[in-house]
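Hi,

Here is the structure I promised to pass on to you. Have a look at it first, and then read my notes below.

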Amino acid sequence: MGVDSKRVEADSSAVSTPETPFNLTLSIGPVLLQPLEIHRVCLPPQKTTFQKLKHRLSEIFFPDDPFHRFKNQTFLRKVVLGLHCLFPILQWVPSYSLSTFRSDLVSGLTIASLAIPQGISYAKLANLPPIIGLYSSFVPPLIYSLLGSSKHLGVGPVSIASLVMGTMLSETVSSTHESDLYLRLAFTATFFAGLFQASLGLFRLGFIIDFLSKATLVGFMAGAAVIVSLQQLKGLLGIVHFTKKMQIIPVMSSVFGHTKEWSWKTIVLGFGFLIFLLTARLTSLKRPKLFWISAAAPLTSVILSTLLVYLLKSELHGVSVIGELPDGLNPPSANILYFHGPHLGLAIKAGIVTGILSLTEGIAVGRTFASLQNYQVDGNKEMMAIGLMNMVGSCSSCYVTTGSFSRSAVNYNAGAKTAFSNIVMAGAVLVTLLFLMPLFYHTPNLVLAAIIITAVIGLIDYNAAFLLWKLDKLEFLACLCSFFGVLFISVPMGLAISVGVSVFKILLHVTRPNTVVLGNIPGTQIYQNVSRYENASRVPCFLILGIESPIYFANSTYLQERILRWVWEEEERLKEKEENLKCVVLDMTAVTAIDSSGIDAIYELRKTLLNRSVQLVLVNPVGSVMEKLHHSKILDLFGTNQLYLTVGEAVTDISSSWKA
């Protein structure tokens, strides 16, 4: 059999050996090898254009083969499986038990204690009436429990999406002077967010959100967490006149420019509850079994602060409170969606940005907890579920919702077994909406600010940033651009800058691919990077290069110039040893694709090398590359001794022909 052409790990602990000449008996280094059988490089099986297109599209849009479960099934069984796909709730309802119900009941009530204060707080973060946050914790969880595939995802408003929506809409429309228009735009943005999310899932275009790399999200979330926390100083200090801008300089100027408005009563109460909440969070982090402490802390803070303000009205006069909240179910809002007018573009833009962010967070959270319980979360189903619940939510007075990490963590630790815990949570919110709304009248805004700070502080991931610095400096740069862009420019612009840096990194890898010089590991037919493996020795009269990327129009000129530079450097090196370069071997194992520009580059390279009396040899082009080389007729220029299956076979056969 032929020699394996794959570049595998080899022992690099051996002492570096000098270059050793090849002879006719295949002596490579000090070890005598058996003669090699030279294999012909074959073309892939012939396929029609339609077959190629079908295969390519299936690989792009259906890499998980979602239809495999329908194969060899009866018509009735296919109908049942189709319903399971559309409504995952049908998969677990038939086997639902009393013990599972007890677990979900406890989990649902636990996350409800967190969802109610968070919903009110995050709505204020989006510059929306607090009641909208509770509405958004009622309808969307019910929709998700029908359509979602995650057992542990806790659905509701989240801080980042709330911040981005509030920032983008407030730049154009005032939430105080044009409150009705602002509310309409928020619901409309939610509708377009849901439409965008559902479309990604329906057309299986989820790879679009992959442009939000981990580095981008780490920097963006950290920057947003800092801005959100600083914005809450308005509530913690009791400032009345506060900037609506979301950059660090205007925020800090507003904090220290209104020191006369600081209220010592608000400061004492606010920072007291903040310390309580942070202590509860730290306790739960150190002892996960005490997760219920951090879960119950926000609602406990709301109850205690409300009682204090109510009982000590005269002493705490001047402390800002929520005020009256309407009771009752979500009013319909489909009739007020904003589909015509000068601000439609703003609603669409805000919807797409918040849709991408909330979708990224929701899917990441769902997959995180699914991996802990060893079950699969279908990304495309999740996109459709999250998208549809936002579309329905926009018609029932809800704004953008997704899977919340804090709620999902509490849900998981509380022992949730199915998505029924979301239904329990929605039931608890329903009771609150119908009967408990008057109790929130005296809830101080300072406790909402403390709840928000406690929630977003966990978004600052120092360890992830440090790891990025160790792994990839360019990714760390993208992280920093995102972080400082959010802090000093704006939230959307910070996100755009970081995505731009990430795309630039991709373009850099595409346009400037890696090429390496390969040498022989003594005693083997393995060829490895000479700068990586000390005992890999160059083969005399040969320059063996590995190309580690596809060859496209974007990099073909660069590769041609870089290979010629390798040739020139090798000739200079061999001249000192009074040797000549006779052959350049291109290992194309890692060249997964080629286009017409790449083929032209190979043609020009071969012509240039022939003028220098240097032979060009291609090794192991993959099927699609081989097929394009064949159709372009360029293979007619390469004789039988210029196309090989492995580097070892190429070196052996060409060396033998020189000896002959």
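**Salt bridges first**

Glu604 is partly exposed, at 30% relative accessible area. For that label, buried is under 20% relative accessible area, exposed is over 50%, and partly exposed is in between, using a 1.4 Å probe and protein chains only. Before going on, a word on the source: this is a predicted model, where local features need pLDDT of at least 70, side-chain atom pairs count only at pLDDT 80 or more, and totals for chains, interfaces and linings use all residues. Residues are numbered from 1 along each chain as its sequence is written, and side-chain values use heavy atoms, with hydrogens and water left out.

Glu604 pairs up with Lys607 in a salt bridge, 3.7 Å from N to O. (A salt bridge here is a side-chain nitrogen of Lys or Arg within 4 Å of a carboxyl oxygen of Asp or Glu.) Both residues sit in helix 23, three residues apart, which is about one turn of the helix. Helices are DSSP runs of H or I with at least four residues, strands are runs of E with at least two, and both are numbered from the N terminus. As background, an α-helix has 3.6 residues a turn, so residues three or four places apart point the same way. Lys607 is partly exposed too, at 39%.

How many salt bridges does the structure hold? There are nine. One of them joins Lys52 to Glu627, with the closest N and O atoms 2.9 Å apart. Lys52 is in helix 1 (residues 49-61) and Glu627 is in helix 24 (residues 623-631), so this pair ties together parts that are 575 residues apart in sequence. Lys52 is partly exposed at 34%, whereas Glu627 is buried at 17%.

Another salt bridge is between Arg612 and Glu571, at 2.7 Å from N to O. It links distant parts of the chain: Arg612 is in the loop between helix 23 (596-611) and strand 9 (615-619), and Glu571 is in helix 22 (residues 556-576), 41 residues away.

**Inside and outside**

Now take helix 12 (residues 264-286). Its 23 residues reach 32 Å from first C-alpha to last, close to the 33 Å expected at 1.5 Å a residue; the expected span is 1.5 Å times one less than the number of residues. Its buried residues include Leu269, Phe273 and Leu277, and among the elements covering them are helix 10 (233-237), helix 13 (291-311) and helix 18 (445-456).

Ser482, in helix 20 (residues 473-488), is buried at 0%. Leaving out residues up to four places away in sequence, Ser482 touches Thr216, Gly219, Phe220, Gly494 and Ser498, where contact means heavy atoms within 4.5 Å.

On the surface, Phe75, Val79, Leu83, Leu86, Phe87, Leu90 and Leu146 form a nonpolar patch with about 650 Å² of accessible area together. Helix 2 (residues 75-86) gives the most to it, four residues, and Leu83 in that helix is partly exposed at 38%. Patch members have over 30% relative accessible area and no salt bridge; like charges are joined within 9 Å, nonpolar side chains (Val, Leu, Ile, Met, Phe, Trp, Tyr) within 5 Å. Areas come from the Shrake-Rupley method with a 1.4 Å probe, and for residues only the protein chains shown count as cover.

**Cysteines**

With a disulfide taken as two cysteine sulfur atoms within 2.5 Å, the count is zero. The cysteine sulfur nearest to that of Cys398 belongs to Cys395, 9.7 Å away.

Cheers
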